[in-house]
Amino acid sequence: MDYLVLACRALIGLVLLFAAVSKLPGAGFGPFTGTLRRAPLTARFARPLAAAVVGAEALIPVLLAVPATVPFGFAAAAVLLSGFAVFVATAPAGSSCRCFGRSDTPVGLRHLVRNAGLAAVAAAGAASGATGTGHPAGAAVALAAGAAAALLVVHSDEIIGLFAGPVDRGAS
């Protein structure tokens, strides 16, 4: 169980760390804030909400890295990722996915499934209560597996695009 939880810590922590870095001012903060301004649920508080989201995305990996705060990190990630799923479900048609920076990919079912799946992983991690790491070799394999899964999640739009072809931007 410890190895699975460690892989989940790496998965969630790296995905959120990449998301935070991709939205830092100068990288993608402006486009991310613009996306929040266009959504009815977030338009009024777009800038402070954007700052809070980036702050949470940066803090959660730290919580997941420290054994004593792992349950809090998983719980915070579950709440944040559930919020992302709600945002995707209620976003106006044609809204861009700014999950990992400046992407112009319109939000859709795949983003909802991704965020809900990550929220479920985080909730399971929080419920497990495990924070140990086990044997160093097993921990290294678990961390590598979590990192590989994080890369797949972060680049899921590009991977799907390879198989699905170009996105029709004229459809709504």
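Which residues does Leu-16 touch, not counting residues up to four places away in sequence? They are Glu-57, Ile-60, Pro-61, Ala-77, Leu-80, Leu-81 and Phe-84. Touching, or contact, means heavy atoms within 4.5 Å.

A word on the model. It is predicted, so local features need pLDDT of at least 70 and side-chain atom pairs count only at pLDDT 80 or more, while totals for chains, interfaces and linings use all residues. Residues are numbered from 1 along each chain as its sequence is written, and side-chain values use heavy atoms, leaving out hydrogens and water.

Now the helices. These are DSSP runs (H or I, at least four residues), numbered from the N terminus. Take H1, residues 2-22, and H3, residues 46-65. Their axes come within 8 Å and cross at roughly 150°. Axes are lines fitted to C-alpha atoms over the stretch in contact, and angles run from 0 to 180 degrees between N-to-C directions. That makes H1 roughly antiparallel to H3, a term for angles over 145 degrees.

Who meets whom? In H1, the residues include Ile-12, Gly-13 and Leu-16; in H3, they include Glu-57, Ile-60 and Pro-61. This contact divides into 11 nonpolar, 1 polar and 2 charged residues.

Next, the largest nonpolar core. It has 39 residues. Such a core is a set of buried Ala, Val, Leu, Ile, Met, Phe, Trp, Tyr and Cys residues joined through side-chain atoms within 4.5 Å. Leu-16 is among those touching the most other members. H4 gives the most to this core, with 9 residues.

Last, Asn-115 in helix H5. Asn-115 is buried (under 20% relative accessible area), at 4%. Asn-115 touches Leu-81, Phe-84, Ala-85 and Val-88, again not counting residues up to four places away in sequence.

Definitions and conventions
Helix = DSSP H or I, 4+ residues; strand = E, 2+ residues; numbered from the N terminus. Parallel < 35°, antiparallel > 145°, perpendicular 65-115°, else oblique. Nonpolar A, V, L, I, M, F, W, Y, C, P; charged D, E, K, R; others polar. Buried < 20%, exposed > 50% of the residue type's maximum accessible area, 1.4 Å probe, protein only.
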